Amino acid sequence: MKPQYMDRALSLALKAKGKTSPNPLVGAVIVKAGKVIGEGYHKQAGKEHAEIIALKKAKSLAKGATLYVNLEPCCHTGRTGPCTDAVIKAGIKKVVIAMRDPNPLVAGKGVAKLKKAGITVMEGLLYKEAKALNAPFEKFITQKLPFVTLKAAVSLDGKIAALSGDSKWISNEASRAKVHEMREESDAILVGLNTVLKDDPSLNVRPMKKGTKHPLRVVVDTKLNTPAGAKLFHSKGGKVVIFCGNDAPKAKEKALADKGAEVVRTATRDKRVNLEAIMKNLASRDIVSLMAEGGGTLYTELLGKGMVDNVAIFVAPIILGGTERYSLMQNGCAKNIKDALKLINLSYRQYGENILIEGKVLK
């Protein structure tokens, strides 16, 4: 097994980040006599899978070759046919996979089918990297819930806004450019009403260019107090969905619907929209990756309910001071250090004077 070929497969798969939902990210590389003779990646749900693209490029040379793929080849018919059948028909001699597909329709059945056809199958090469790449897909397919990333910009003392509520701009221009990349890689953006009222965000991807993919724009607004004049309704971007309580005023619903928003009523808990219901609804829309962009009330509830899977925090070299009101997490504080929410698999990247800290939430 050659790690460099699997690393290439992972790099290819990453090219389609944010574009394949509800499918996983998959890259494939076919090698023969130490040379790459075909490669490809899955670009969008409904389009050809990575293995098929690589096999078409390899043509007849695929016979007797080795296929490297970061996820177990599918063996069922969905929008496209089984990749295992194509691999077998092409005469591939060996298949190296990084991890098995968590989809119950595959989950080892693809490996079994290949082995039954006399193909050598080797598993686990760059498993950790492959599992991290498709963590959103794995959660979606096994739990029927979106993978949630909490994104925030904070001061050195953990504040997301100044005493007046002003938060523009804690992060710098380079950090904000990165956020737009993250938006395009997400299926949906989630904010609370206060963020809409205070920041009036567009929640789209900028700069816009040909092929730009805008995420679904989701607002949690229990009483439907989102202004009809909000930028959400007057800027190009993804569809706007507003989740409110069952008792929200009908007149306000009509006003927002007239602006193009879809209003979804849900049960409330503690006088707030039920986040669990929102997550299930979003999953039913094939939202695999969800980025929460604010504000403090939403962050606190998501973290407190254990709904956050990944954290991306831009830290700016400023100190704002003040009480817990504008803290990232406003209540439910850990009583002891051992009770603190912990992050693992950390990464750090600098954007000018800002530092982006990313990590998976340890559950």
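# Close-up views of a predicted model

**View 1. Leucine 150 faces alanine 292 of strand E13.** Welcome to the model, which is a predicted one: local features need pLDDT of at least 70, side-chain atom pairs count only at pLDDT 80 or more, and totals for chains, interfaces and linings use all residues. Residues are numbered from 1 along each chain as its sequence is written, and side-chain values use heavy atoms, with hydrogens and water left out. Two strands pair if DSSP finds at least two bridges between them. Strand E13 (residues 289–294) pairs with E6 in the parallel sense, over four bridges. E6 also runs parallel to strand E14 (residues 310–315), and six bridges join these two. On that side, threonine 149 has asparagine 310 of E14 as its bridge partner. Strands of a sheet pair through backbone hydrogen bonds, either parallel or antiparallel.

**View 2. Is strand E6 buried or exposed?** Eight of the eight residues of E6 (residues 147–154) are buried, so this strand is largely enclosed by the rest of the structure. Buried means under 20% relative accessible area, exposed means over 50%, and partly exposed lies in between (1.4 Å probe, protein chains only). Look at both faces of E6: Phe147, Thr149, Lys151 and Ala153 are buried on one side, and Val148, Leu150, Ala152 and Val154 are buried on the other.

View 3. Contact, here and below, means heavy atoms within 4.5 Å. For an antiparallel pair, find E14 and strand E16 (residues 354–361), which are joined by six bridges. Valine 315 has isoleucine 355 of E16 as its bridge partner.

**View 4. Helix H4 packs against its neighbours.** Which residues of helix H4 (residues 109–116) are buried? They include Gly110, Val111 and Leu114. These residues cover an arc of only 100° around the axis, which puts them on the same side of H4; the arc is that of the directions from the helix axis to the C-beta atoms. The buried residues of H4 pack against helix H3 (83–90), strand E4 (94–99) and strand E5 (120–123). The axes of H3 and H4 are 10 Å apart, and the two helices pack at an angle of about 20°. Thr84, Asp85, Val87 and Ile88 of H3 make the contact with Gly110, Lys113 and Leu114 of H4. Just after H4, glycine 118 takes a positive phi of about 90°.

**View 5. Glycine 38 lies in strand E2 (residues 35–41).** With 4% relative accessibility, glycine 38 counts as buried. Leaving out residues up to four places away in sequence, glycine 38 touches Ala28, Val29, Ile30, Ala54, Lys57 and Ala58. Asparagine 331 is 293 residues away along the chain, and its C-alpha atom is separated from that of glycine 38 by 54 Å.

**View 6. Here are some backbone details to look for.** Most residues other than glycine have a negative phi, and most peptide bonds are trans. Alanine 33, in the loop between strand E1 (27–32) and E2, has a positive phi near 55°. At 78% relative accessibility, alanine 33 counts as exposed. In the loop between E4 and H4, alanine 107 has a positive phi of about 35°; at 40% relative accessibility, alanine 107 counts as partly exposed. A cis peptide bond joins arginine 206 to proline 207, with omega about -5°, and proline 207 sits in the loop between helix H8 (193–199) and E8. Glycine 294 and glycine 295 are also joined by a cis peptide bond, with omega about 0°. Glycine 295 is found in the loop between E13 and helix H11 (296–304).

How values were computed: Axes fitted to C-alpha atoms, helices over the stretch in contact; angles between N-to-C directions.
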